[in-house]
Amino acid sequence: QLFGIAPIIFVFLIPAITMRSFAEENQSGTIELLVTRPLKDWEIISGKYLACLLLVVFAILPTLFYYYSVYQLGAPQGNLDSGAIMGSYLGLILLGGTFVAIGIFASSLTNNQIVAFVLATFLCFFFYYAFFYLSKLPVFVGRVDDLVQMLGIDYHYTSISRGVVDTRDLIYFFSIILFFGFLTQLSLSRRKW
């Protein structure tokens, strides 16, 4: 149940973590100090991305106690599918990384933290759930519904959560992260002008 509920929690938790990334910098004026340092834009973005991702990983770590306690209390001891659980944790970290990239992008678009939170929540919700529901429209059913569903995060997260780590899913997550990182870099370079 943890891995089914976690995406819903992440849709709200991760935008709350990332909403201050660039919005606070822009609002307080410290972005000028940051961009005048001898750092490239991608270094600033990756630093903020890794900091937020580390916070997400620290939020996931206490759930390992659930795994340990169920592992110890099972009859017989260790009666768990550890491969599926580790795959689910990998999927959770990749999902968190994707939502962090979306949240940092949303934060780079505005000076207001609340607007960044709402925008990031909407984008995370859209990229996670919307493609599944779009694939159920009569226009797509029977033709390209599988293709439309594969565009969403839910499809790939569910695939990894089964314990099967497929390179297509990994490529999807990393490409979404890089895409939103690129959009964040475009947003930052637009502000310099």
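Visitor: How do the axes of helix H1 and helix H6 lie in this predicted model?
Guide: The axes of H1 (residues 2-18) and H6 (residues 82-109) come within 9 Å and cross at roughly 25 degrees.

Visitor: Why are H1 and H6 called roughly parallel?
Guide: Angles under 35 degrees count as roughly parallel. The axes cross at roughly 25 degrees, so H1 and H6 are roughly parallel to each other. Their crossing is right-handed.

Visitor: What makes the contact between H1 and H6?
Guide: On H1, the residues are Leu2, Phe3, Ala6, Pro7, Phe10, Val11, Ile14 and Thr18. H6 contributes residues including Ile85, Tyr89, Leu92, Phe99 and Ile104.

Visitor: How many aromatic pairs does a search of the whole structure find?
Guide: The search finds 15 aromatic pairs.

Visitor: Why is the pair of Phe132 and Tyr133 called edge-to-face?
Guide: Planes over 60 degrees apart count as edge-to-face. The planes of Phe132 and Tyr133 are at 75 degrees, with the ring centres 5.2 Å apart, so the pair is edge-to-face.

Visitor: Why does Tyr133 count as exposed, and what is Phe132 called?
Guide: Exposed means over 50% relative accessible area. Tyr133 has 54% relative accessibility, so Tyr133 counts as exposed. Phe132 has a relative accessible area of 28% and is therefore partly exposed.

Visitor: Which residues form one aromatic cluster?
Guide: The cluster is formed by Phe105, Phe122, Phe126, Phe127, Phe131, Phe179 and Phe180.

Visitor: What sits over the ring of Phe22?
Guide: The charged end of Lys48 does, 5.3 Å from the ring centre. The distance cut-off for this is within 6 Å.

Note on methods
Residues numbered from 1 in each chain as written. Predicted model: local features only at pLDDT ≥ 70, side-chain atom pairs only at ≥ 80, totals over all residues. Heavy atoms only, no water. Phe/Tyr/Trp six-rings, centres within 6.5 Å; stacked < 30°, edge-to-face > 60°. Buried < 20%, exposed > 50% of the residue type's maximum accessible area, 1.4 Å probe, protein only. Lys NZ or Arg CZ within 6 Å of the ring centre and 35° of its normal. Axes fitted to C-alpha atoms, helices over the stretch in contact; angles between N-to-C directions. Helix = DSSP H or I, 4+ residues; strand = E, 2+ residues; numbered from the N terminus. Parallel < 35°, antiparallel > 145°, perpendicular 65-115°, else oblique. Left-handed = near helix turned anticlockwise from the far one by under 90°. Contact = heavy atoms within 4.5 Å.
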